[in-house]
Amino acid sequence: IVLFGLVYLRFGVKAYPVVSYYHNFTQYVGGKKSLDSYMTWFDQRMVRNYRVANYIKARSQKDDKIYVWGTEPELYVLTDRLPAGKLIVSFHVEDLKAYEMTLNWVRVERPVYVVWMESEPRNFEGLKQLLETDYRLVTEFDDAWIYKLMI
């Protein structure tokens with residue numbers, strides 16, 4: 001106990017606030033919270049992301065690719081779909097100045113769905129133009145606009 005106390009004081013180890021996680025979980029399991037409320041407790045975007053993922057998963061094949069313009073890389077995992085290209089978040093594209101390279105990946109790999117996060121502050125004019133010509137807007141979940149390949 002003394003050793004634990006010394007390590008705790010010396011290295012500034014702090015207890016992780018797990019009680020609130022358990023409380024959230026028990027409220028959900030106990031029926032006092034809906035699934036949406038449970039997920040929102042972690043992050044406001046989770047409900048939207050699960051809805052987007054369920055929509056895409058139900059309407060695409062496992063080997064279909066998708067592309068997400070924004071900072072929601074978890075959509076690739078939630079949909080169990082691979083991204084079209086190697087740069088999966090908008091800040092990578094911007095930081096590496098890889099707009100043209102990313103647009104070429106999207107043109108070549110032809111993702112069945114493109115998710116455009118309307119709240120994304122970075123502009124990708126080339127992708128916008130491609131969406132206007134080769135894709136159509138099929139649905140929206142809050143600020144997530146889902147486009148489907150037409151060709």
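Student: What should I know before we start?

Tutor: The model is predicted, so local features need pLDDT of at least 70 and side-chain atom pairs count only at pLDDT 80 or more, while totals for chains, interfaces and linings use all residues. Residues are numbered from 1 along each chain as its sequence is written, and side-chain values use heavy atoms, with hydrogens and water left out.

Student: What makes up the secondary structure of the protein?

Tutor: Eight helices and five strands. From the N terminus on, they run α-α-α-α-β-α-β-α-α-β-α-β-β. Helices (H or I, at least four residues) and strands (E, at least two) are DSSP runs, numbered from the N terminus.

Student: Why is the protein called more spread out than a compact globule?

Tutor: Set the value against the rule. The globule rule is 2.2 Å times the number of residues to the power 0.38, and the radius of gyration is taken over C-alpha atoms. For 151 residues the rule gives 15 Å; the radius of gyration of the protein is 20 Å, well over that, so the protein is more spread out than a compact globule. Along its principal axes, the C-alpha trace spans about 65 × 40 × 30 Å.

Student: How many of the residues count as buried?

Tutor: Of the 151 residues, 37%. Buried means under 20% relative accessible area, exposed over 50%, and partly exposed in between (1.4 Å probe, protein chains only).

Student: Why is alanine 53 called buried?

Tutor: Alanine 53 has 1% relative accessibility, so it counts as buried. Alanine 53 is found in helix α4. Leaving aside neighbours within four places in sequence, alanine 53 is in contact with Leu75, Leu78 and Thr79. Contact means heavy atoms within 4.5 Å.

Student: Is leucine 9 buried or exposed?

Tutor: Leucine 9 has 67% relative accessibility, so it counts as exposed. Its place is in helix α1 (residues 2-11). The C-alpha atoms of leucine 9 and glutamine 61 are separated by 54 Å. Along the chain those two are 52 residues apart.

Student: Now the helix pairs. At what angle do α2 and α3 pack?

Tutor: Helix α2 (residues 18-29) and helix α3 (residues 35-42) pack at about 170°, with their axes 9 Å apart. That makes α2 roughly antiparallel to α3. Angles under 35 degrees count as roughly parallel, over 145 as roughly antiparallel, 65 to 115 as roughly perpendicular and the rest as oblique. Axes are lines fitted to C-alpha atoms, for helices over the stretch in contact, and angles run from 0 to 180 degrees between N-to-C directions.

Student: Which residues make that contact?

Tutor: Ser20, Tyr21, Asn24, Phe25 and Tyr28 of α2 and Leu35, Tyr38, Trp41 and Phe42 of α3. They divide into seven nonpolar, two polar and no charged. Ala, Val, Leu, Ile, Met, Phe, Trp, Tyr, Cys and Pro count as nonpolar, Asp, Glu, Lys and Arg as charged, and the others, Gly among them, as polar.

Student: Why is α7 called roughly parallel to α8?

Tutor: Helix α7 (residues 99-109) and helix α8 (residues 125-134) pack at an angle of about 20°, with axes 9 Å apart. That makes α7 roughly parallel to α8. Leu103, Val106 and Arg107 in α7 meet Gly126, Leu127 and Leu130 in α8. By class, the contact has four nonpolar, one polar and one charged residues.

Student: Which residues of α3 and α4 meet?

Tutor: Asp36, Met39, Thr40 and Phe42 in α3 meet Met46, Val47, Tyr50 and Arg51 in α4. Five are nonpolar, one is polar and two are charged. α3 and helix α4 (residues 46-58) pack at about 115°, with their axes 8 Å apart.
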